[in-house]
Amino acid sequence: MSESLVVCNVAEDLVEKLRKFHFHKEMNNAAIIMKTDKDKRRVVLDEELEGISPDELKDELPERQPHFIVYIPYPLCFIFSSSVGRKPEQQMMYAGSKNKLVQRAELTKVFEIRNMEDLTEEWLNTIGMWIY
């Protein structure tokens with residue numbers, strides 16, 4: 001079996017942060033938002049947020065830039081935000097890095113969203129029920 005295309009590696013400190021995030025003890029919603037550093041060819045931490053609702057999270061993310069998001073307290077899920085209309089180079093960089101990030105951070109609940117308007121409490125509840 002051939003290995004997946006890897007465009008960006010994952011920063012070691014980010015891998016450790018994500019592994020610790022698996023054991024997040026707070027009862028409020030939290031998110032780790034990641035992006036690619038094109039020059040260093042790495043997936044890096046963009047922002048870490050506590051007590052953030054899905055609506056607030058969607059407002060934090062630029063509409064035209066892909067992001068990787070790990071969000072809880074729903075069953076810990078990984079969301080790849082990638083809207084249509086982006087530069088092919090940027091889309092390839094994110095798509096090619098997604099599998100490596102999922103593998104390194106040991107994420108099992110992986111979802112992709114094309115339109116940030118779809119990131120709602122209802123959608124998260126639906127996927128939360130689906131993954132149990």
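pLDDT is the predictor's confidence in each residue, on a scale from 0 to 100. This is a predicted model, and the mean pLDDT of the chain is 83, with 87% of residues at 70 or more.

**Colour by confidence.** Select strand β3 (residues 42–50), which has the highest mean pLDDT among the elements of the chain, 93. Then select helix α4, residues 121–130, where the mean pLDDT is the lowest, 74. Where pLDDT is low, the predicted coordinates should not be read in detail.

**Show the strands.** The 6 strands make an open sheet in the order β1-β3-β2-β4-β5-β6, and the pairing is mixed. At the edges are β1 (9–10) and β6, each of which pairs on one side only. Follow β5 into β6: these two run parallel and share 4 bridges. Within this stretch, I79 is opposite F111 of β6.

Helix α1 (residues 12–21) lies across β1, β2, β3 and β4, and its direction is about 160° to that of β2 (30–37). Now select helix α3, residues 88–104. Helix α3 lies across β1, β2, β3, β4, β5 and β6, at about 170° to β5.

**Select the aromatic rings.** How many aromatic pairs does the structure hold? There are 4 aromatic pairs. One of them is F68 with F78, a stacked pair with 5.7 Å between centres and 25° between planes. This pair links distant parts of the chain, since F68 is in strand β4 (residues 67–72) and F78 in strand β5 (residues 77–81), 10 residues apart. F68 has a relative accessible area of 0% and is therefore buried; F78 also counts as buried, at 0%.

Next, select F111 and W123. Their ring centres are 6.2 Å apart and their planes stand at 80°, so the pair is edge-to-face. F111 belongs to strand β6 (residues 110–113) and W123 to helix α4, so the pair ties together parts 12 residues apart in sequence. Are these two residues buried or partly exposed? F111 is buried, because its relative accessible area is 12% and buried means under 20%. W123, at 21%, counts as partly exposed.

Select C8, which is buried with a relative accessible area of 0%, and then C77, buried at 1%. The structure holds 0 disulfides.

Note on methods: Residues are numbered from 1 along each chain as its sequence is written. This is a predicted model: local features need pLDDT of at least 70, side-chain atom pairs count only at pLDDT 80 or more; totals for chains, interfaces and linings use all residues. Side-chain values use heavy atoms; hydrogens and water are left out. A disulfide is a pair of cysteine sulfur atoms within 2.5 Å. Buried means under 20% relative accessible area, exposed over 50%, partly exposed in between (1.4 Å probe, protein chains only). Rings of Phe, Tyr and Trp (its six-membered ring) pair if their centres lie within 6.5 Å; planes under 30 degrees apart count as stacked, over 60 as edge-to-face and the rest as tilted. Two strands pair if DSSP finds at least two bridges between them. Contact means heavy atoms within 4.5 Å. Axes are lines fitted to C-alpha atoms, for helices over the stretch in contact, and angles run from 0 to 180 degrees between N-to-C directions.
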